[in-house]
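Subject: Handover of a structure and the findings from it

Dear colleague,

Please find below the structure that I am handing over to you.

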Amino acid sequence: MAWTAPQAERHPVPPIADERQMLEAWLDFHRQTLLAKCAGLTADQLRQRAAPPSTLSLLGLVRHMAEVERGWFRRRVNGEDIDFQFSSEEDPDGEFDHVDAADTERDFAAYQAEIEAARLAAAGHGLDETFYHVQREVDMNVRWVYLHMIEEYARHNGHADLLRERIDGETGE
């Protein structure tokens with residue numbers, strides 16, 4: 001039987017929580033929303049660029065968000081000296097452009113691994129802790145990263161909703 005994207009396990013965001021718990025819950029909700037948009041699709045469907053000439057695909061979004069998780073939480077917040085997985089300085093859109101030959105199952109596993117690594121990286125840092133962002137030439141705090149990640153997922157989950165509907169007519173929350 002051909003591999004299909006796994007079902008997502010979205011948990012409701014608690015209506016009352018402290019700031020860190022609320023930020024983590026909303027971020028996890030959006031992470032799972034992206035997976036829910038992909039659930040049950042085959043590798044070929046996930047690679048499909050449903051709105052030509054755009055190179056945007058559901059697999060590209062999963063790969064992109066793996067890069068974003070790695071970039072913000074591991075490289076910037078935690079200061080890890082690691083490369084990107086699917087893109088590079090020379091190929092900044094590699095996560096979107098090179099899905100045709102990608103190993104979809106491996107890429108989904110890489111995304112899940114990046115989420116876990118991001119959680120571990122963030123856990124050691126307070127929300128008010130700062131780091132210097134070299135490209136933007138500014139100090140930033142961990143709180144900003146959480147809010148940015150929630151915004152990034154929300155925007156891309158809107159894209160994912162449209163891509164999924166174009167592929168098989170499915171829509172969802």
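Predicted model: local features only at pLDDT ≥ 70, side-chain atom pairs only at ≥ 80, totals over all residues.

Residues are numbered from 1 along each chain as its sequence is written, and side-chain values use heavy atoms, with hydrogens and water left out.

The largest nonpolar core has 43 residues. Such a core is a set of buried Ala, Val, Leu, Ile, Met, Phe, Trp, Tyr and Cys residues joined through side-chain atoms within 4.5 Å; buried means under 20% relative accessible area, exposed over 50%, and partly exposed in between, with a 1.4 Å probe and protein chains only. L58, F73, Y111 and M149 have the most contacts inside this core. Helix α3 gives the most to it, with 10 residues. Helices are DSSP runs of H or I with at least four residues, strands are runs of E with at least two, and both are numbered from the N terminus.

A search of the whole structure finds 18 salt bridges, each being a side-chain nitrogen of Lys or Arg within 4 Å of a carboxyl oxygen of Asp or Glu. One of them joins K37 to D161, with the closest N and O atoms 2.9 Å apart. This pair links helix α1 to helix α6 across 124 residues. K37 is buried at 7% relative accessibility, whereas D161 is partly exposed at 22%. Another joins R70 to E114, at 2.8 Å between the closest N and O atoms. R70 lies in helix α3 and E114 in helix α5, so this pair ties together parts that are 44 residues apart in sequence. Both R70 and E114 are buried.

A polar atom of the E67 side chain does lie 2.8 Å from the backbone nitrogen of S87.

E129, by contrast, is in the loop between α5 and β1, and counts as partly exposed because its relative accessibility is 34%.

Yours sincerely

Note on methods. Polar contact = N/O pair within 3.5 Å; in protein donor to acceptor, adjacent residues only side chain to side chain.
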